[in-house]
Amino acid sequence: MIAWWNQLMLAQQVFALIAIPSTLIMLIQTVMLLIGLGGEGDVDGDVDGDEVFEGGGDGLVLFSVRGVVSTLTVMGWSAVALLETLAPALAIIIAAVLGVATLFGMAFLMRAVARLQSSGNIDVENAIGKVATVYIPIPEKGKGTGKVTLTLQETYSEFTAITVNPERLATGTLVRVVAVDGTGVLVVEPLVSEAEKEGAE
């Protein structure tokens with residue numbers, strides 16, 4: 001490992017430092033998802049305030065933790081490999097293009113998975129009463145939508161959610177599903193309300 005590292009040029013080492021931790025995070029995410037621990041212990045849930053931008057109103061989430069990690073992994077390793085044979089500028093441009101392509105690919109993949117879940121394979125009404133974890137922050141007082149993750153019908157799933165809570169629900173917050181609106185969006189509230197917190201104190 002040390003010999004491999006020492007033979008890399010400086011630019012390759014920089015991109016390797018991007019690719020290696022990104023790869024580890026992606027592997028952890030994948031393993032936790034496969035064994036059903038992607039809810040409360042999800043790596044994504046540790047990133048409070050993660051910036052996420054949705055494209056249009058079609059449910060296409062362009063920037064998410066999962067998408068960014070995948071992008072950095074592909075871009076990093078691509079640059080390391082391409083710098084072996086190409087000029088630095090060309091190698092970096094190609095690696096960046098591959099990274100952006102991965103970002104869009106992950107966004108479309110996650111949207112396809114979400115649509116598959118809502119096509120009848122999973123009855124979203126069964127989510128009522130279940131505890132979920134906020135994945136994408138949910139704006140307060142129904143001012144916008146976010147995302148939550150939970151295990152539903154033995155499947156780890158991601159759903160769009162809103163809240164009437166007076167405070168924004170940050171990534172990693174535990175919530176309870178209290179209703180489902182006419183479009184299949186979950187209505188959630190904090191698992192521990194502010195009133196309960198004050199009572200406990």
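Helices, of at least four residues, and strands, of at least two, are DSSP runs numbered from the N terminus. On that basis, the protein in this predicted model reads α-α-β-β-α-α-β-β-β-β-β-α along its sequence. Its secondary structure amounts to five helices and seven strands, and five of the strands form a closed barrel.

**Confidence**

- The mean pLDDT of the protein is 79, with 76% of the residues at 70 or more.
- Among the elements, strand β7 (residues 186–190) has the highest mean pLDDT, 94, whereas strand β1 (residues 54–55) has the lowest, 46.

**Overall packing**

- Of the 201 residues in the protein, 39% are buried.
- The accessible surface comes to about 10,900 Å², and carbon and sulfur atoms account for 64% of this area.
- Counting contacts between residues at least 6 apart in sequence, 59% join residues that are at least 24 apart.

**The barrel**

- The strand order in the closed barrel is β3-β4-β5-β7-β6, and the pairing is mixed.
- On average, neighbouring strands of this sheet are turned by 55° against each other, direction ignored.
- Strands β3 (residues 131–136) and β4 (residues 146–152) run antiparallel and are joined by three bridges.
- Isoleucine 136 has lysine 147, in β4, as its bridge partner.

**Helix α3**

- Helix α3 covers residues 65–82, which is 18 residues.
- The expected span is 1.5 Å times one less than the number of residues, so helix α3 should span 26 Å; the C-alpha atoms at its ends are 26 Å apart, in agreement with that value.
- The buried residues of α3 are Val65, Arg66, Gly67, Val69, Ser70, Thr71, Thr73, Met75, Gly76, Ser78, Ala79 and Val80.

**Threonine 23 in helix α2**

- Threonine 23 lies in helix α2, which comprises residues 10–34.
- Is threonine 23 buried or exposed? Buried means a relative accessible area under 20%; threonine 23 has 19% and is therefore buried.
- Beyond its neighbours within four places in sequence, threonine 23 is in contact with Thr73 and Trp77.

Terms used: Residues are numbered from 1 along each chain as its sequence is written. This is a predicted model: local features need pLDDT of at least 70, side-chain atom pairs count only at pLDDT 80 or more; totals for chains, interfaces and linings use all residues. Side-chain values use heavy atoms; hydrogens and water are left out. Buried means under 20% relative accessible area, exposed over 50%, partly exposed in between (1.4 Å probe, protein chains only). Two strands pair if DSSP finds at least two bridges between them. Axes are lines fitted to C-alpha atoms, for helices over the stretch in contact, and angles run from 0 to 180 degrees between N-to-C directions. Contact means heavy atoms within 4.5 Å. Accessible areas come from the Shrake-Rupley method with a 1.4 Å probe; for residues, only the protein chains shown count as cover. pLDDT is the predictor's confidence in each residue, from 0 to 100.
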